[in-house]
Amino acid sequence: MSSSTDVLDRAEQADPPPQRSAGWSALRPLVLRLHFYAGLLIAPFLLVAATTGLLYAASYQIERIVYAHELTAPPGGPNLPLERQVAAARAAHPKAPVTAVRPAAEPGETTRVLLDAPGLPASTQLAVFVDPSTAQVRGSLESYGSSGALPVRAWISHLHRNLHLGEPGRLYSELAASWLWVVALGGLLLWAGRRRRKGARLRRLTTPERGVTGRRRVLSWHGSIGLWAVVGLLFLAATGLTWSKYAGDNVDRLRVTLGWTTPSIATGGEHAAHTASPGGHRHGGGDVGPDQAVRAAAGRGLSGPLEIVWPGKAGEPYLVKESDKTWPQRLDQVAVDPATGQVRAELRFAGFPLAAKLTRWGIDGHQGLLFGLANQIVLMLLATGVITMIVLGYRMWWSRRPNLAGYPRGAWRGVNRAVLAAFVLVAGAVGYFMPLLGISLCAFLLLDVVLGRLLAGRRG
């Protein structure tokens, strides 16, 4: 009886093919080998990213439940002026300047007054929740980022982004995003190519096979789920890389070079007579206040939900922004002079360059905002699909170990030289643009060479 080492030795033997080919038959073993290594070694990172992503997609509903008292207000009379609501928040926290206000967008919601409270982490403000009909403060919570994530959602967001390990932890999510599209496209090619060779009908390509057992059944489910999920996985990989450290920096530089950056509003001239007070109000030249700023914005067609950004220093206007990120999006902005209440400048989302719109849509879709609850459900289904495919993939590998004959070494020797050269050039360019992908790919190649040498030494 042969030992497991003997079986592995025989499985890893790869004699040079007699003839090089430019067709799929020659490329398939190479793609299979890459898919095998990526699935085996990168899958743990993908599993963590998918699990934390699943939690984040559900965090919006969790947030509404956990902070229902702060986010909602009892039915009451008409809303009081924003000036009074802001005054109530300032009275509760007199040492914290006002930075922005998000008026209640719907009946039963609270107004969110954002304050620059001392001692908070970066990108975090203190959100004070005010009943719009009574100006009663219903509570205050830390608010993270432009999406206004409250503590539970912010904790889940950091878990998904960096596992609460700071900048070093971001490497895990970048590695996962860098390989996700490679694994997805490789799996698609292998699945479609396998079915084409067997002359399978479309139904057998898109749904698991019936009446099969064992590894074939597991593979059928793995491939079918991947086929349905591939578009979503490519979207998540592309948008996820925009938040990454190294690949994200390259994306930013590319956007600047190609003129794809998001435009910003021009605020107009300076009015040095206005002096900002610690509370966010101005004296010496008068201040029309947030209510007049909202009325001026409404005159230009802006409607809720809104965010009114307070003037930060002398001469700056109120910035009134639409913040409806669900489809169709309302993201227009106007700058309102605090002395006259007149609109200085406006910025229309409809006038954004296409690339800037795509970036906005991609980010909001990745965060589960673009289509609201439906978007969040799709993200949860995608995350569940990734988790399922990883479990099935490991099960297939475990069932055929140590016999790895299905993943032969030396597959590159059967590929046409021109095709192989193009493959290497593309891999090099992609690896340069996505450094963690390039480094890990080199590590895979080194591992493959070392394993080949060890096996060759045993056979010798």
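A salt bridge here is a side-chain nitrogen of Lys or Arg within 4 Å of a carboxyl oxygen of Asp or Glu. Keep in mind that you're looking at a predicted model. By that definition, the structure holds eleven salt bridges. Why look for such pairs? Because side chains of opposite charge can pair when their charged atoms come close.

Start by selecting Glu209 and Arg216. Their side chains meet in a salt bridge, 2.8 Å from N to O. Glu209 is buried, at 12% relative accessibility, while Arg216 is partly exposed at 39%.

Next, select Arg300 and Glu346, another salt bridge, at 2.4 Å from N to O. This pair links distant parts of the chain, 46 residues apart: Arg300 sits in the loop between helix H11 and strand E7, and Glu346 is in strand E10. Arg300 is partly exposed, at 37%, and so is Glu346, at 34%.

Then go to Asp337 and Arg344. Their closest N and O atoms are 3.3 Å apart, in a salt bridge. Asp337 is buried, with a relative accessible area of 4%; Arg344 counts as partly exposed at 21%.

For the last stop, jump to helix H15 (residues 435-459) and pick Ser440. Is Ser440 buried or exposed? It's buried, because its relative accessibility is 10% and the cut-off for buried is under 20%. A polar atom of the Ser440 side chain lies 2.7 Å from the backbone oxygen of Leu436. Leaving aside residues up to four places away in sequence, Ser440 touches Leu175 and Trp179.

Technical notes: Residues are numbered from 1 along each chain as its sequence is written. This is a predicted model: local features need pLDDT of at least 70, side-chain atom pairs count only at pLDDT 80 or more; totals for chains, interfaces and linings use all residues. Side-chain values use heavy atoms; hydrogens and water are left out. Helices (H or I, at least four residues) and strands (E, at least two) are DSSP runs, numbered from the N terminus. Buried means under 20% relative accessible area, exposed over 50%, partly exposed in between (1.4 Å probe, protein chains only). A polar contact is a pair of N or O atoms within 3.5 Å; within protein, one must be able to donate a hydrogen and the other to accept it, and residues adjacent in sequence count only if both atoms are side-chain atoms. Contact means heavy atoms within 4.5 Å.
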